[in-house]
Amino acid sequence: MTKDYSVEPEIIDGNPSLKALDDVIIKPIDEKPSKKYHIVLSIMVTLLLIMAVCVGLTFYHGIGLWGNNQPVAWAFDITNFVFWVGIGHAGTLISAILYLLRQQWRNGIARFAEAMTIFAVICAGLFPIIHTGRPWLAGYLIPYPNQHLIWPNFISPLVWDVFAVSTYLTVSLVFWYVGLIPDFATLRDRTTNKVKKTIYSIFSLGWRSSNRHWKHYEKVYMILAGLATPLVLSVHTVVSWDFAVAVIPGWHSSIFPPYFVAGAIFSGFAMVSTVLIFVRKVFNLEHIITIDHIEKMNKIILLTGSMVGYAYIIEWFMAWYSGTPFELFTAMNRAFGPYAWAYWIMVSCNVFFPQLFWFKKVRRSVLVTLMIVILVNVGMWFERFVIIVSSLNRDFLPSSWHYFKPTIVDFGILFGSFGLFFTLILLFSKTLPVVSLAEIKSVAKDAQPIYSGGEHDA
Amino acid sequence: MPDKKLFGIAALFDSPDSIIKAAKKIKEAGYKNYDINTPYPIHGMDDVVAAKPSRLGYVTLFIGFSAAAFILSFMWWTLAINYPLIVGGKPFFPLPAFIPITFEFTVLLGVLSTVFGMFAIVFNLPFNSHPLLDTEYMRNVTSDKYGAVIEADDPQFDEIKVKAYLKSLGGNSIELIFQLEDVKQKVFEPKFLVFLTVVAILSAAATYISIDKLMYIPPFDFMQNQKKGSAQAESSFFTDKREMRKPAEGSVARGFIPYEFTGITDTNQFYGNPLLPSKKVLELGQSKFLAFCSPCHGDYADGSSRLRALFPPGPTLHSERVIGFTDGKIYNIITNGQNIMPSYASQITREERWSIIIYIRVLQRAQNPKTSDFTTINEINKESGNVQN
């Protein structure tokens, strides 16, 4: 299998007509869901209901139902929060950064990745709120003139988090919706169902695909991409400051922001790959989301995985170089202490397995890719677990050392959050085009004018 | 269809090349009101139709900078002015700690303003009553065809000519597009009013229930109904039945130093006033005197009580007797009280008491000035150029 890498491969395989692209992408929306879809959906909704029960119990009885203790006051909740926020980062990276870099292969996967961003941030936003124990008081985090005459402490990283995550959710949602407007117009003009037509008309805002619209639309898309690019880098930076600004050994480290951002992109791409591998198979989109896409994403996973591995090594170096006995102790405690099992799961999943992507055969094998990206997802969850729990469980005062054991409610909420995520993904895949129609058409073969010589002068 | 007004004539083209050529020719033929509709942006079309570049970026720039300036000054205002946050000697304007929120807020408002700007100003969207919508032409151009439409209000418009012209450019499926009939919708229809009323009642009820009822049922009331003792309640746990515990014998409040000269009325024999009459001390003494002493002794210590007829007035402090008091004796009176005057030990700190005494001395001297005082004042006035007549 030799391939000339100097030639950019066709983004869409098989040169289908524009009409055929419309048909294949819109097919899942028009068709009644199959039996398999119902089965998967019911599994995911069951998980979601388990989460609802666990969260309800938590609200009623309090945080005591979780395994959190002193000194491990942050455990599964914040681990899940950081994990889900990280998952979201790939979507914005694909839709904004790759857009600015003129990576046209992103057009096939951008819509889905953006949707995943939104759903992941929804999952993430849940955790700090339920972790407060009294979520109905979470409104105090928003600066509004209240009768207590107090304001949020704007110099606290936890308040930065509120601003960063809510801005991220809003901007992702707006970005996604702007991308959807032309597609809503296409859906509006295709459907014969009156109810559907009304809904699509409302959301399409009367889009007419006019050149005058496109001119502003492309400008706005560019501005949004330009603003979303620093935003996506800032969000996980702010999340990392939740830790780095504290003085806990193992947290208080200036490498955290880049380390977290690289880890976020790493885990996000792994999740995008995991889901897209199923989506392209189930919806017959293999010619639009091609093996080349998967290979390119695998390369990014390889790069960011190596960056994460580098950060692990630097942590050891800094533990020694800082000259602080506490830092060194925390590092030793991570790798050889009570949570050594979690540390080594993290290292093997995040550093070792992605290195297999150096081999082209592995990169281009869907099955192996699927296995590795699932391992990366597991590894990245454990990374946050290790950072949070292994740093906290042995603090400065040996008399308060405590081993954290999750309870069944902890697991219920963790697996339930996957239920929430995949329920939203499933509903999305049946209601909206999973590939951006306008964007994929613009990169189809012969979609742009060629300016063939002679006639052009007229 | 003579009763319908023509909006324009539309034609479809099959390839991006043909639409670009057609657009170029329509432009060159001098048509002003025409539009090109394509399922995705065609590169180079803006050059062909000589479209001005979008100026939405200025909206982003302006709103973004305004947002940054607003949030930065807002955070400073809350942190330093409205509710000063005194934590560990941290500055009131910590710029580095303000950067994250300033950045996030700038991005948020920059994005929202750009998108709303696009919707509202540029597109005039939502605009679901445009004549082009819901036509065969529109169904094609949002899918896989490229279209051009020449509008009827163009100065050169002529139905037959335009039809032929579009055909000559290679357009097919020529379609006449008509204006929609103006249908005036009444704003306040009974149905709509009923709907509004229902929404109002429902939201009011939901607010009432969630604030006035929900918060008083478990688990929302857990914070109110904790197992705790309240200050004045009877305790079933402690043998002395007091819920509020007395401090241990000999406890001293933080920052409070017990007065060791109880029973001695004049402490001047042990130590004098530790402060010198500086401007700072006098200002402190004045503010404390006005706060604690002036209600009974008067603003100028002349015994003109503000609480006349409510409370026995305090005596003037300008009497020979009081002028003759030593600083130690006045200090003792403020600390322990005298006759009907209570002790101010818990309200006025030691430093403040000594400052008050210095201020009282100044008031006394002002009532009974010496000749040398006038000389000094005149000298000071001369130096500052403030001529006294």
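Two residues are in contact here if their C-beta atoms, placed from the backbone, lie within 7 Å. Keep that in mind for chain B: of its contacts with a separation of 6 or more, 70% come from residues 24 or more positions apart.

A quick note before you click: this is a predicted model, where local features need pLDDT of at least 70, side-chain atom pairs count only at pLDDT 80 or more, and totals for chains, interfaces and linings use all residues. Residues are numbered from 1 along each chain as its sequence is written, while chains are lettered from A and ligands numbered from 1 in the order in which they are written.

Start by selecting chain B. You'll find 12 helices and 4 strands (DSSP runs: helices are H or I, at least four residues; strands are E, at least two; both numbered from the N terminus). Its C-alpha atoms fill a box of roughly 120 × 75 × 40 Å along the principal axes.

Now switch to chain A and pick Pro71. A:Pro71 sits in the loop between helix H2 (35-61) and helix H3 (76-100), and a cis peptide bond, with omega about 10°, joins A:Gln70 to A:Pro71.

Next, go to A:Arg102, in the loop between H3 and helix H4 (110-131). Its phi is near 55°, a positive value in a residue other than glycine. Is A:Arg102 buried or exposed? A:Arg102 is exposed, with 7 other C-beta atoms within 10 Å (buried takes 20 or more, exposed 12 or fewer, partly exposed is in between, with C-beta atoms placed from the backbone).

Last stop: A:Leu205, in the loop between helix H6 (194-204) and helix H7 (211-244). A:Leu205 isn't a glycine, yet has a positive phi of about 55°.
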